Amino acid sequence: MVDRVDSAGEWTQSSRFPDEVLERVLALIDSHKDRSSVSLVCKDWYNAERWSRRHVFIGNCYSVSPEIVAARFPRIRSVTLKGKPRFSDFNLVPEDWGADVQPWLSAFSTAYPFLEELRLKRMAVSDESLEFLATKFHGFKALSLLSCDGFSTDGLKAIATHCKKLTELDIQENGIDDLGGHWLSCFPESLTSLEILNFASLNSEVSFDALEKLVARCKSLRVLKVNRNISLDQLQKLLSHCPQLTELGTGTFMQELISGPVAEFKNMFSNCRNLITLSGLWDATPFYLPVIYPACASLTFLNLSYATLRSDELANLLSHCKTLRRLWLLDTVGDKGLEAVGSCCPLLEELRVFPADPFDQEILLGVTESGFVSVSRGCPKLRYVLYFCRQMTNAAVATIARNCPDFTHFRLCIMNPGQPDYLTKEPMDEAFGAIVKTCTKLQRLAISGLLTDRTFEYIGKYAKNLETLSVAFAGSSDLGMEYVLQGCQKLRKLEIRDCPFGNAALLSGLTKYESMRSLWMSACNVTMNACRVLAKERPRLNVEVMRDEEGGDDSQAHKVYVYRTVAGPRRDAPPFVLTL
Amino acid sequence: MSPPLLDVEGDGQGNVSLMTSASSMESIFQKNAGLTERNYLGLSDCSSVDSSAVSGISDVKRNNLNLKATELRLGLPGSQSPERDPDADLASSESLDEKPLFPLLPSKDGICSGSQKIFVSGNKRGFSDTIDEGKWMFGSSGTDSDTSNVNVKISPGAQPAMIKDATSKVAPQEKTHATFGTNLNKVNASNPPAAKAQVVGWPPVRSFRKNILATNSKTNDEVDGKPGPGALFVKVSMDGAPYLRKVDLRSYTTYQQLSSALEKMFSCFTLGQCGSQGAPGRESLSESKLRDLLHGSEYVLTYEDKDGDWMLVGDVPWDMFIGSCKRLKIMKGSDAIGLAPRAMEKSKNRN
């Protein structure tokens, strides 16, 4: 298409695509994976691609340096950046580990002064960085922070105050220092461009007056997710200003006077014809839930993971939600609630069931294998499941796999580490064996329960499309990890904790790790020497060990994080991180 | 009064249990078989001082570990059970996630409402035991032969000691254990039975999801069970209910309000019924029937106070009640036999 080789074996100039046209064409390609492929075709395509790229996705902020990115892609408007290893969400990574966004912002302020969007996940973000972002990038529009930490609501003040063209402020589940809700009042009267506002995870009360005025003047607002402090009648007022919303996160769904009339709120949703996503619903009770029924018919995503609903309450609600594709629940709904899911939501593609009280070990129920089976019977299109339970059987999972062969993401968490099939007392090997054998499209797998090396043998043999694997308290020997490293060709992320995998296992992946984004191993059987060997053999990997205390040469390596990089060893590693 | 024999919930007494061999347990049972109201804990004149000291330690530990120790005090009256060193054990358990191999593996049972029973009989004398429920696993079930320090069994196994008539029920216990064995997870042979301590970062739930169950007022960050100017959340459990709820005691000012709220909250649960696998019973009971039952003789509202004693709700002034109430339980009237006399005795002792 681009060039033709003539009979003399030389490129013919005349048939070459003009760069501008090529760039135009390539500009239509969004997926960063496709773009990576494009850039490998030839030098012209590499150049056209890099000039036409507007969005760069960096899955591991240490795999590349800001300078390298800036040098390669001169015209970036949007950056997605991910930092810490995923297990940092569960307190396995000490604070001050790194992933500071500031070096990136500093580089971007010169390279991309017209940067418009920044999406950060598991990055360390300070208030100073947020202020820097707000003041140095004049056209800045969209900020999304997920699972980040290190900042406070003061940083949000800076964003609200200075970003005159802000379209998106999306604050989710961060380790944020909530100093109060004043930040919201910092949006100037002149700001009318907001399209997405999500402050659901913030605790402090904002000024309702400021919020109402903001919502009223931002006519393009389509996503609004408020926090728990917003009451039902306040929500009603807000909705009257923005019936065009497509995504809504409510505040508390309970009034103090339970005997108050529901009729007041009956019409709250009647004008919201475009609503496809609903979340929030804190404290929702059967008394007020019916208020949302008018909006349910068009919903495709319902997030009830903050609402402690019981099975009957859920069943009543779901009978109105026939078009749901994604559903998030708390396990308070029980197996009976899941039966209702199976019978009401035939189009369901994603189900997440979170434990209401995960750390309270006396609560011995929630949902079981039978709830999962019920859903699988009624929802054959399921492709994404995250399921926390306290008991499971191999037979149930086999049934589920048969019912739903299209799983792409299967994350099963049996909350008791190393728990066997509670009926047969056998390991859960056959369960995951069934999944990987039947669900050939599987990309992501999280395993749990009592598992021997046999599970990993199955995974290595059958899970040919697997990209992400999470393992905890599983396996019997090095063989387990070796099976996976040998068999899973497309593996990109492997995270392991508390498994008996040792040096042989680690080193069996010597040639594989460069084709992966990262490997995490904690509380396994790996020693420092093995890590040193790996680091020496593979200079293009960063082999980082997190040490709790000083040990001898061949002491245990408690937390090992290995990732490929073109940026060399980290220069900002804290003292407890040793790069070998 | 004496500290609780069994603190399955771990909401205060994080003491390490001492699992002795089955035979010595049984002999002790026999000795104590006839005792009903007596403190057979061995910490003989176990005063409130003792128990509060115990509570003190474990409160600290609770935050660290939430160790649900089944505290099996098997000493004869006058003797102190050894292994009362929660610090060492809990502290070492805390760092277990750093150990490379096989971290804590609780011997967990997969039963549900049976656990509610655990709680009940865990609490001492005066209760007709709930052994009949069949969720009990005697120490001789085979998993307790190890004497690891932090051998904590959440499963009812540790509890039978507390129960009067224990010996007479030993045999049926074994049978019922077998019957309900399917509901109990045996300890994985390749993993050492370990304390059911909190493992860092497990289950893999992000911290913002931790406290969703609490109903909350707008301005308070709810704090689990700690008294303070803000909300005061206590857990409410009910025989036969598949999971606990939490209430904020400070949102009520009278017993009547609390009682009404609880009625509403638990009206959906069939009282006292639970399937063998812990599936919720039929939710067929109306509110009014529940109220009748609550006010009738079938169910009573009880609470565990700071000393770990179980008292009937309503005996003391409201303010005193919320100051000392740590958790609530709606239990069968038959299980609450003996509570009232003790409550009166206790308030006499206090006054």
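Predicted model: local features only at pLDDT ≥ 70, side-chain atom pairs only at ≥ 80, totals over all residues.
Chain A contains 19 helices and 23 strands, and 60% of its 580 residues count as buried.

**Chain A as a whole**
- Take the contacts in chain A with a separation of 6 or more: 69% of them come from residues 24 or more positions apart.

**Two helices side by side**
- Helix α13 (residues 369-378) of chain A and helix α14 (residues 394-403) of chain A have axes that come within 9 Å and cross at roughly 15°.
- Angles under 35 degrees count as roughly parallel, so α13(A) and α14(A) are roughly parallel to each other.
- The crossing of α13(A) past α14(A) is left-handed.
- On the α13(A) side, the contact is made by A:Glu369, A:Phe372, A:Val373, A:Ser376 and A:Arg377. On the α14(A) side, A:Ala396, A:Thr399, A:Ile400 and A:Asn403 take part.
- Sorted by class, the residues in this contact are four nonpolar, three polar and two charged.

**Nonpolar cores**
- In soluble globular proteins, nonpolar side chains tend to be buried together.
- Here, the largest nonpolar core has 178 residues. Those with the most contacts inside this core are A:Leu211, A:Phe269, A:Leu302, A:Phe407, A:Leu445 and A:Ile459.
- Leaving aside residues up to four places away in sequence, A:Leu445 touches several partners, including A:Phe410, A:Phe432, A:Ile435, A:Val436, A:Ile459 and A:Leu466.
- A second, separate core has 25 residues, among them B:Val247, B:Tyr299, B:Trp318 and B:Ile322.

Definitions and conventions
Residues numbered from 1 in each chain as written. Chains lettered and ligands numbered in written order. Heavy atoms only, no water. Axes fitted to C-alpha atoms, helices over the stretch in contact; angles between N-to-C directions. Helix = DSSP H or I, 4+ residues; strand = E, 2+ residues; numbered from the N terminus. Parallel < 35°, antiparallel > 145°, perpendicular 65-115°, else oblique. Left-handed = near helix turned anticlockwise from the far one by under 90°. Contact = heavy atoms within 4.5 Å. Nonpolar A, V, L, I, M, F, W, Y, C, P; charged D, E, K, R; others polar. Core = buried A, V, L, I, M, F, W, Y, C linked by side-chain atoms within 4.5 Å. Buried < 20%, exposed > 50% of the residue type's maximum accessible area, 1.4 Å probe, protein only.
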